[in-house]
Amino acid sequence: MKPKARSLHYGVLAEFDTPQQLVDAARATHDAGFRKYDAYTPFPIEELADAMHDHQNPIAKIVLLAGFTGACIGFGMQTFANLVHYPMNIAGRPNFAWPMFIPVTFECIVAFAAFTGVLSMLALNGLPTPYHPLFNCPNFSQATRNKFFLCIEATDPKFELAETRKFLEQLNPREISDVEN
Amino acid sequence: MAAQNDQDKSMGTKSLVPIIGPGHTFASVNDKISAIVLLRGTSFGWVVGFGIAFMIFMMMLMSISYLLFRGVGIWGINNRVDWGFDIINFVWWIGIGHAGTLISAILLLLHQKWRTSINRFAEAMTLFAVACAGLFPVLHLGRPWYAYFLFPYPNTLGMYFPQFRSPLEWDVFAVSTYASVSLVFWYVGLIPDLATLRDRAKSWIPKTIYGIFSLGWRGSARHWHRYETIYLLLAGLSTPLVLSVHSIISFDFSVSLLPGWHATFFPPYFVAGAVFAGFAMVMTLAIPVRWVYGLEDFITDKHLENMGKITLVTGNIVFYSYLMELFYGWYSANEYEQFMVHNRLFGPYGYMLWALYFCNGVMPQFLWSKKIRTNSIWLFVISMFISVGMWLERYVIIVVSLHRTFLPSAWGTYSGTFWDWSLYIGTMGFFLTLLFLFIRLLPMISISEMQMLLPEAQVPHKEEAHEA
């Protein structure tokens, strides 16, 4: 089977020295109408999400839903076990002793919420991704040290290799490189 | 004096001088922490320390092997005192673990930035302590190969579920959730730093291994955004979790009817005791490590002082609980409760109680002095006393309450045998072995979070920037 034709380039990568320069560049990129772009930093920068208009993410809702599921499963399991599956009379104590079910229910909430949350974070981020075109750029390894990168991707409708390069040059980056696919 | 006050005020909020040494840049923080793993190599001191820890760990394996061969009869437990060293050590280890979660989760939610440099280390300590703790109740089952009976699972016996109305079953859920959620929390925190190590590593073997475990993390801003959300949520979930775990462990005792166990103040008493023991252990480990690896810039005296303060506060809560135990015995007007108090104070194990009061009641009072709180040798000594004291506390609660109960004809005594001690000391070897491996193979301080503490990392909000 022939692989789907991919464009020659993944995008254009610009390298900056400080978080402030990167935030300004990201804001300018968004204002210029680009949408398929991303910034790469060694640590999270709160202001960057604002500059990139990246405000929403569904993780909190997913965690809430998972926690609710955990509560239903935990409490339901104990109720089913004690009332339906194997009722056991221990010195006449009630079978539906719901206060005794709370600790296990609580642990189920936490376990479901935490695991679902982490797995959904990884899934939404597309991790694990052992190979990525950006890793081919020799300088990109500094993205986990002290350099700040902005990449405008070729899938953006406004992307035009020469034009995009020119646009990024206006932002005074330290270096610009084309990322090949 | 006024200048001193200003400095104190700024420590908590804006100024970052006291929690990270001056003159650091993004690159220097990054290089210094990753160099411990990648460039320093294996030092002779590490090999010696690891070797000793590993030998003690082997003693644990030997002790377990003999236990599996002969059964729990080799321990000191008997008909009267059927919870001996195994439950004492279980509660002791799991209490030690709690400081890690407190530092990583609760102090994160409270915006205590000083926690950053000790958080990774304390979380690792949590995991290893829980691993040691988990061994004891499982081995105490007598037939540990049937431990899976404790979980609900489909089987041919027709009884798919364990008894959920028992606190011992709550323990199974609490401890297994705590261990697994702590592991995930720790790993999520490690992902960006593993990517850093992947990018800093020179030879292909560490590059490949760190590369696999970093899951291809590339620091994308869109990834960071989701990452930060789940990290905060995990902290929010771990906070009630850690409080629930030790509360549930205290239910093992307080839900029963035994004098000395059946008391309503047990959950807060146990949680405070756990935090107290845990901070003592963090100090016991952090003080030598920062000295050996020259990390005074990152784990500063300010950290030690703050930990000393938390130890003092929780220590006083614990000591107040000891006094309440005595008061409760008297106020209950119940002859069995009164006898229990008398037996604790002046019975055959009375010396343990007085040693406990000295270790956990008197020694922490030295922490009122700022000079002592900032002196690492003093802190180290006090922490050692606290660790011993917390072990004695569980000994007093478990053994002394059990050995003389309602019927004098059923009284007895208890003492640990060689196999009790070898298993207990062996788990310390297990703990230290894991800790030595952790220090050698993983960044013991969170690199990305330390970089965030630098003033250069702050980007002013857009409106503010325009005003300026």
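Buried area is the accessible area (1.4 Å probe) that two parts lose on being put together, summed over both. This is a predicted model, where local features need pLDDT of at least 70, side-chain atom pairs count only at pLDDT 80 or more, and totals for chains, interfaces and linings use all residues. Residues are numbered from 1 along each chain as its sequence is written, and chains are lettered from A in the order in which they are written.

**View 1. Chain B against chain A.** About 5,700 Å² is buried between the two chains. Carbon and sulfur atoms give 68% of that area. In chain B, Arg165(B), Arg218(B) and Arg222(B) lose the most area to chain A. Together they make up 15% of what that side buries.

View 2. Asp31(B) pairs with Arg145(A). Their closest N and O atoms are 2.5 Å apart. A salt bridge here needs a side-chain nitrogen of Lys or Arg within 4 Å of a carboxyl oxygen of Asp or Glu.

**View 3. The largest cavity.** A cavity is a set of points, on a 1 Å grid over the protein atoms alone, where a 1.4 Å probe fits but cannot get out. The largest holds about 100 Å³, a volume being the space filled by probe spheres set on the points. Lining residues have an atom within 4 Å of a point. Among them are His85(A), Tyr86(A), Tyr160(B) and Phe161(B).

**View 4. The second largest cavity.** Its volume is about 70 Å³. The lining includes Trp261(B), Phe265(B), Glu325(B) and Arg344(B).

Terms used
Heavy atoms only, no water. 1 Å grid on protein atoms, 1.4 Å probe; cavity = no way out; pocket = protein on both sides within 12 Å on 5 of 7 lines; lining within 4 Å.
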